[in-house]
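Hi everyone, thanks for making time this morning. Please have a look at the screen while I bring up our model.

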Protein chains: 2
Amino acid sequence: MKTIERAVVLLSGGLDSSTLLHFVVKKLGAREVHALSFLYGQKHRRELEAAAWQAKAAGVTAHDLVDMEFFGALMPGASALTDAAVAVPRLADLDSKELSQPPTYVPNRNMMLLSVAAAYAEARGIPDLFYGAQTQDSYGYWDCTPVFVERVNAVLALNHRPPVKVHAPFVWMRKAEEIKLGLELGVDYAHTWTCYRGDAVPCGDCPSCVERAAAFKEVGIVDPLMAT
Amino acid sequence: MKTIERAVVLLSGGLDSSTLLHFVVKKLGAREVHALSFLYGQKHRRELEAAAWQAKAAGVTAHDLVDMEFFGALMPGASALTDAAVAVPRLADLDSKELSQPPTYVPNRNMMLLSVAAAYAEARGIPDLFYGAQTQDSYGYWDCTPVFVERVNAVLALNHRPPVKVHAPFVWMRKAEEIKLGLELGVDYAHTWTCYRGDAVPCGDCPSCVERAAAFKEVGIVDPLMAT
């Protein structure tokens, strides 16, 4: 496996990016890691506490929080994740065939996050940017797919300076596989946050909660977040 | 020429984007135009007054200002445009052959601006996004080139919803040609701002001022901003 010296990791505090952070630090052995988290107007800002916990646990060089709360406000009504007036749906109520994107999709958020993170990396001369897209997301979200990552890299590759490259090592991996990998790496999943509603305890029926529960069930262990 | 119904226009308040705004409204006849301006930490925030003036003059549907002042702060030392500690150079002092990008380049700014603007457009179901890149910029800036626009569009085209498309109608045009077009469209260039230093009056020797002066000279008229 290629050695990574210096890296930026997009860290939401969810299961995917938390696993990714420990993967970059422990498996790839990066000696300088900048975790980057975003406040973009999400209801589940509780995830940022988990992000801070994981950044500390992984022993990163720096954990920076980008406050772009305005992003959600820029698009009233456009997403259940950012608008109080749009309810986060129960997975059971969604008919994915009817939707071009689920209501939890945030317009062009991932391209925006990667663009800001690439700027942050470029300004520091850091060549590698890690993004926790994984395969189950790609069923619903166009901006979590392998071809999306390829095309973002095709833009960045045009830079006259040494380009920043986006890596999404889990983009072909399912959530259950990620959890297995994370357990090997010692990730404490009690300190990750997945629920889109962002109340004091996970709701258990939003798409994200249901997907998480299914993955832990498949691995055959109790989700430590639900056990506490 | 294709008719444009609804459009978002990136409007900095400079010569290029001000001309573009009037082009979209008057030449393309768009009936609903959203001008979008950004505070990204630039020293020459004075340009935003010009942006507001031009938006009003063009009679846009909406002029929104995105406050992401944090962007410059995210990259200390990385750009003469956003860091008080890095001087805006005189054009005469630059040796472009020695530089991968001029000091006035802001890391990945244009991809970031287009990503946020595409989100804004997508959330409103607006299919067309206009970007004032022009050919002289492309000598220095990798993110003002035709291939850059093409590749950004290749990312956006992956959307499961009808994609937002970036148009850069001036990308093959020189600044003097833009001014001629703008004069036909009645653009008042006294209310545009170009100087990177952003002091009370244009400095006249930063790369942007020099380029502007050369373009007006080529057209054979006095720059109304300098005449006032």
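I'll go through the sheet, a helix, the core and then the contact between the chains.

A quick word on conventions: this is a predicted model, local features need pLDDT of at least 70, side-chain atom pairs count only at pLDDT 80 or more, and totals for chains, interfaces and linings use all residues. Residues are numbered from 1 along each chain as its sequence is written, while chains are lettered from A and ligands numbered from 1 in the order in which they are written.

Let's start with chain A. Helices (H or I, at least four residues) and strands (E, at least two) are DSSP runs, numbered from the N terminus. Five strands make an open, parallel sheet in the order E3-E2-E1-E4-E5, where pairing takes at least two DSSP bridges between two strands. At the edges sit E3(A), residues 62-67, and E5(A), residues 165-167, each pairing on one side only. E1(A) and E2(A) run parallel and are joined by 5 bridges; across that pair, Ala7(A) stands opposite Val33(A).

Now to helix H1 of chain B, residues 15-27. Its end C-alpha atoms are 17 Å apart, which agrees with the 18 Å that its 13 residues should span at 1.5 Å a residue; that expected span is 1.5 Å times one less than the number of residues. Of those 13 residues, 11 are buried, so H1(B) is largely enclosed by the rest of the structure. Buried here means 20 or more other C-beta atoms within 10 Å of a residue's own, exposed means 12 or fewer, and partly exposed is in between, with C-beta atoms placed from the backbone. Among the buried ones are Asp16(B) and His22(B). Just after the helix, Gly29(B) takes a positive phi of about 70°.

What about the core? The largest nonpolar core has 130 residues, and Val9, Val24 and Ala117 of both chains have the most contacts inside it. Such a core is a set of buried Ala, Val, Leu, Ile, Met, Phe, Trp, Tyr and Cys residues joined through C-beta atoms within 7 Å.

Finally, how many residues of chain B are in contact with chain A? There are 32, facing 32 residues of chain A, with contact meaning backbone-placed C-beta atoms within 7 Å. H4(B) gives the most to chain B's side, with 10 residues. That side divides into 21 nonpolar, 6 polar and 5 charged residues; Ala, Val, Leu, Ile, Met, Phe, Trp, Tyr, Cys and Pro count as nonpolar, Asp, Glu, Lys and Arg as charged, and the others, Gly among them, as polar.

How values were computed:
Two residues are in contact if their C-beta atoms, placed from the backbone, lie within 7 Å.
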